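Let's take a walk through this model together. Have the sequence and the 3D view open, and we'll start at the surface before stepping back.

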Amino acid sequence: MLGNLAAAVSKRPIAVLMLLLLTVVLGFIALTKMNVDILPNIEFPYAIVMASYMGGGALEVEELVVKPIEDMVSMVSGVKRYYSTSYDGMGLVFVEFELDVPPSDAVMRLERAVEAASAFLPEGVKTSVFELDPSVIPVYVFLTTDDEERVANLVRRVEGVANVEVVGTSKKYVRISLDPDKLKRYELNPAVVEYFLGGGSVYPFGIVENEKGEAYHVSIDGRFKNMDDLLNTIVGFRGMKSMSALGARKPSPAFMVPVRLKNVAKVEVVQEEVRGEVRANGEPGVILIVRKQPTANTVDVVNRIKKVLNENGVAYSELINQARFTERTIRNLVKNLLVGATVASIVVLLFLRSVVSMLVVVFAIPISFMITIVVLYFSGLSLDTLTLGGLATAVGMLVDNAIVVFENTYRHLSMRKKYHDAARWGVGEVFGAIFASTVTTVVVFVPFLFASSIGAVMFRYFALSFSLSLFASLGVAVLMIPAGSRWVKTREWIGFERFKEMYVKSLDTVLNRKKIVGLVTLLLLIPAALYVVYSPMDFMPDFETDLLTLDFLAPSQYSYKMVGDLLKPLEEVVLAHKEEFGIDSVFSTVGVVSTYSRIFGRTENSARMEIKFAGPYRTVAQRKDRLLELIKSVLPDSLEMKVSRSGEEMSQFLGQPVQITVYARDLKELEDVSKRLKERISRIDGVERVETSFDSMTSVVKVKINRNAAAVNAMLPAMVFQQLQPYTMGKPLGNIEIDGEIYPVKLFYGASTPSLESLSRLVLTNFMGGDVYLGMVGTFGILRIPPGIEHYMGRRVAYVNVTEISGSIGRISRSVTEIMEREFPDLEYELGGQLSSLEETVSDLKLTIFVGVLLVFMVLAAQFESLLRPFVVFMVIPFILVGVAFTLLIFRIPLNVPVLVAALALAGVVVNNAIVMITMMIQLKGSGSIRETVLKAASIRLRPVLMTTLTTVAGLIPLAVERGEGSEMERPIALTMIFGLLITMLFTLFLIPMLFELFERKRES
């Protein structure tokens, strides 16, 4: 039937040409509308619960806030794991759901759990739940000298923008600073002033009905109208110092002299204190950090932002632009795809010796590509490193089916058949073989649909675009080659004919020495298999970008100002060599500048410097190394430095290379074990840096209330808490509207925050109106605790993280395991981080490879209607290990997820030539002896085997040699497939004919 279709198509070449051109037009339209991003839109099911508890210490937050929330989270369906950190005044609970749980469902489930937990939380705890995914990584960061609020509002309205964070500035509030001397003069108790100023909000008070039964909502508005209203508010009467917090008082004075707020306090609009600062190119500035929505297009969002800024005349300097890296990465992939197609075309031309014939074959590449783009577009997928990587990997294979059909059609034309008859026989004889070969190539990726690990899910998109393009090439081959058959001219290549004769003689020799060939084959296969099996595993390759991130850590009690002073000379050195190293910008943050920085573990004694490089990408790594040497030479002794070449935010999702989670109930025990582990693991070969939860300890002033001393001094502990807050944190008193803007109001005792030395001398007022010093009712001590108290699955833990390595994750994790079992036998621990993701992904890939190979066998059994003959084809698959071993050995590439994906792809690809060869042997069977049949079929299929292999290899060469942005993911795949294809081609040309002859002789006997 297909032969007749091919004959009909050969008579309507213009109609076929128009049909194929239509797909090209649709493909170009789809290209202009598709999202362009660095990675596919993978929804990571992570969510976070943030709970603020003003005034609560880390221990109180852990016990009273985090634990009740964890208890509820543990009962939520679909939760894979959860972990938390308790800080002073805030608790964070990170929750990871199973991958099949949509993020929106995850957030809703968490919200219900937190709502249930609220009944067990202290009064004043505020909770919020939000999704945590890769969109928290900024797509655009810029410095502006314009009004930051106006600029932020402009950017927030841009389509695709999820969040705009302004750092380097702070919110304004109304500060009421009570003057202690004036309070004494007017004989006022500060607590009385607070009572008079309280209630500055709108409170709902239910519903009332009138005589007609109509309902009205009741609310009481205690807000101040304006600043004058606040200043003139009566805050007590002279002589009310005797009024206590419990309401007891001495007899009132004969005359009630009102005291207004302006008489005893300074009232002003001030900026909130931020324990950090931002600098751009060494100067303080206001930085806007933009994050996109998870489904938004990075390139489009950044371009829209820049357009809005330019149209509104905003003066800005670009600091970080993720779109630039994305565009360069995609551009490199497209370039490699085009170069690969060109090189593959040259290979076809060398074999066919005709430009027209070459064009008929290689047009399969752009047309198959465009068909795939159209399908991807309507599937809602984006153009990214993985989908384009799948296309770039398949580019050389897109002509395989066309080559087989063309070669068979060419053979029939050489027999002087008419072009429509040649088309009929050319398609009819090989369609079964090319269909089976395409299906076997694609079917190995079917198990990816059932994968649940992050690594496997990411490569699902690679597999999809790879498979779609091959199916598209199958359809193009059976339409385009017959349509172009009338223009194909037969031309013999004498050089190839001589090569064919040499091949047949060599094959005949091999067939006569089966035992020697078998022994040599095993001597190659067994060492290669052992080398691959025992090679240390790694997860994902490291990505090199134009960004160098340096994290600094100072001693625990250093303030952000002290850290900033230490960082300043380093910034000056970097900026002084800006031209030499091709530095575009230097962006520094010191201390805690935002909520996001707190989530990612930033502390006041830490800093981060992000250096963006310009100039040729291929020299970025060298320039980074030279700059690092310079920075290390001037690094102060009091600063520890950690280097990340591409930013570390993704470690929040994939984890550190190796993470040891240590369980214990006591913080001191956790600290001791963590330090011992760090010291021991640091000595492992390949471990460059180890960090623990206790590396950055902080000193906390602990004021222990002596209840008996408080009672003797006519005070209760609650009075101490209430009166201390206005000294240090300020007491919220509601809101006030000034010039159309709403500002919070806070009450403070005194004009400045007390020092550590003056804490004991703070004056409190007892319920008899007398003065009591804080030192009279409390004792002071300094405790050293970690910045945050960590939990994993509801239990207190410490983390020992291997953050920088020079070896493979697998080898280092084995060394860690040996140390733990030998030197810490009684310690309860777990290994995780990227190691955990690696183990999950490898487990998925092992199952995928097993099921994929099984499916290949099933397809072959159905194709040949035999359970024995598929084993002949199947025998080429183990020799993939030889190609993988050569790749790992020669290029020193670790055995990682991309290499395993390439091996999986090879399992489907390498059988194609064997199928084509075996099919021809079966067709020729009976035309002579088994030896004659084998030699004839092998000689006939020599050219398509060589052409399909070499075109695929040629198409992969640009990916293999590329050193541009994003090449780290595709290069291991390309190298593995090149060596795998070349080595298995040799086995196909010699081993498959030998095995076929062996099996057929056994069948006959």
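Start with a patch of negative charge on the surface, where Asp147, Glu149, Glu737, Asp739 and Glu741 gather. A patch here is built from residues with over 30% relative accessible area and no salt bridge, with like charges joined within 9 Å and nonpolar side chains (Val, Leu, Ile, Met, Phe, Trp, Tyr) within 5 Å. A salt bridge, in turn, is a side-chain nitrogen of Lys or Arg within 4 Å of a carboxyl oxygen of Asp or Glu. Glu149 is partly exposed, as its relative accessible area is 42%; buried would be under 20% and exposed over 50%, with partly exposed in between (1.4 Å probe, protein chains only).

A word on what you're looking at: the model is predicted, so local features need pLDDT of at least 70 and side-chain atom pairs pLDDT 80 or more, while totals for chains, interfaces and linings use all residues. Numbering runs from 1 along each chain as its sequence is written, and side-chain values use heavy atoms, leaving out hydrogens and water.

Now zoom out. The C-alpha atoms fill a box of roughly 130 × 70 × 65 Å along the principal axes. Inside it sit 36 helices and 31 strands, both taken as DSSP runs numbered from the N terminus (helices H or I, at least four residues; strands E, at least two). Of the 1005 residues, 56% count as buried. Among contacts with a separation of 6 or more, 81% link residues 24 or more positions apart, a contact being heavy atoms within 4.5 Å. The chain exposes about 44,100 Å², with carbon and sulfur atoms supplying 58% of that; the areas come from the Shrake-Rupley method with a 1.4 Å probe.

Charge over the whole chain comes to 102 positive and 104 negative side chains, and the centres of the two sets lie 7 Å apart. Lys and Arg count as positive, Asp and Glu as negative, with His and the chain ends not counted.

Next, head for helix 34 (residues 911-924), where you'll find Ile922. Ile922 is partly exposed at 25% relative accessible area. Leaving aside residues up to four places away in sequence, Ile922 touches Phe864, Arg869 and Phe996. Pro972, by contrast, is 50 residues from Ile922 in sequence and 37 Å away in space, C-alpha to C-alpha.

Finally, which helix holds Thr933? That's helix 35, residues 930-961. Thr933 counts as buried because its relative accessibility is 4%.

Note on methods. Charge placed at Lys NZ, Arg CZ, Asp CG, Glu CD.
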